[in-house]
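Reader: Can you walk me through this one? I have the sequence and the model open.

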Amino acid sequence: MSDFFSGGFGINDIFDSFFGGMGGSRGGASARTHGRDMGIRLSITLEEAAAGCTKTISYNRLAPCDDCGGTGSLRTCERCHGSGRVVEVQRTIFGQMQSQTTCPVCHGEGKVVDHPCETCGGSGRAPEKETVELKIPAGVRSGQTVSVVGKGEAGIRGDAAGDLIATVEVAPHERFDRQGDDLICTVSIDSLQAIVGCDVEVKGIMADENIVVEIAPGTQFGDHVVSHGHGMPSPVTGLRGDLIALVQIVTPTDVSPEDLVDIERIVAARVLEKTHVEGSSAKHRAAKKPHPKKKRA
């Protein structure tokens, strides 16, 4: 028996062959076609992704027909009474046998259309321009989807409609690079600021958000400063990631002649001090070096 059914031939097929489908329940309402899902791509800014937003979109779809209410002007089949199946009695040498077959009037639908709707031709759906609002959650990432139930393609003659599925694409930002829930940006300071340290104000991703990035004295080119809790919100927990500022150091070109003289004096003093320290170290090393022993004659 296992070999017999292994090719996909089941007990329902036996009943279909000998008794016209008594073993199955095909036809009727199950034969109706569900509406398909519809997909769109939606581009938003990084600011919109950070705060969350609502987008109103318009698109064309097969919607339930307004003239017939999505029914296609159907009525219940009088032959099968809506079951989609009819029972026939046959006389055989074994006596009377009943068989169940697909209703020849409604073809298993259980419904018939005497006078199809002129607008939809009896399908129960017609082209229509739909407008819906999509609520984009805060922290959404590129590739994530937002669905609106029942706003896809309408089903045939009142069957279930599909969903509208929007795939979100977050556009690149001019100042921030996103890595997970963290935001990376660059801050530029001049070499004098890097020596003494400074505070740099950075405009955050949220509206009216200004972040003070504290640059420590002696910061080097390429160092990064982390400002906790000023990144993107997590779409799961709602907690915000970090803002990571990469430091770029530039040489100032607008130093006044007076300031330049002072800087030159400081540089000269540092060079002299460094030379003195290196000279003292060399003498100290030479003093500690043992003298070579004289050979006896």
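**Leu-183 and its surroundings**

Author: Start with Leu-183: not counting residues up to four places away in sequence, Leu-183 touches Leu-46, Phe-176, Asp-177, Arg-178, Ile-205, His-230, Gly-231, Met-232, Asp-242, Leu-243 and Ile-244. Contact here means heavy atoms within 4.5 Å. The model is predicted, with pLDDT of at least 70 needed for local features and 80 or more for side-chain atom pairs, while totals for chains, interfaces and linings use all residues. Numbering runs from 1 along each chain as its sequence is written, and side-chain values use heavy atoms, without hydrogens and water.

Reader: Which strand is Leu-183 found in?

Author: Leu-183 belongs to strand β11, residues 182-190. Helices (H or I, at least four residues) and strands (E, at least two) are DSSP runs, numbered from the N terminus.

Reader: Is Leu-183 buried or exposed?

Author: Leu-183 is buried, at a relative accessible area of 0%. Buried means under 20% relative accessible area, exposed over 50%, and partly exposed in between, using a 1.4 Å probe and protein chains only.

Reader: How far apart are Leu-183 and Gly-204 in space?

Author: They are 9.6 Å apart, C-alpha to C-alpha, with a sequence separation of 21 residues.

Reader: Moving on, what does Ser-227 contact?

Author: Leaving aside neighbours within four places in sequence, Ser-227 contacts Ile-211, Asp-242 and Leu-243. Asp-242 and Leu-243 are also among the residues that Leu-183 touches. Ser-227 sits in strand β14, residues 224-227, and counts as buried at 13% relative accessibility.

Reader: Which side chain does the Ser-227 side chain join in a polar contact?

Author: That of His-230, at 3.0 Å. A polar contact is a pair of N or O atoms within 3.5 Å; within protein, one must be able to donate a hydrogen and the other to accept it, and residues adjacent in sequence count only if both atoms are side-chain atoms.

Reader: How many helices and strands does the protein have?

Author: Five helices and 15 strands. Buried residues make up 29% of the 297 residues.
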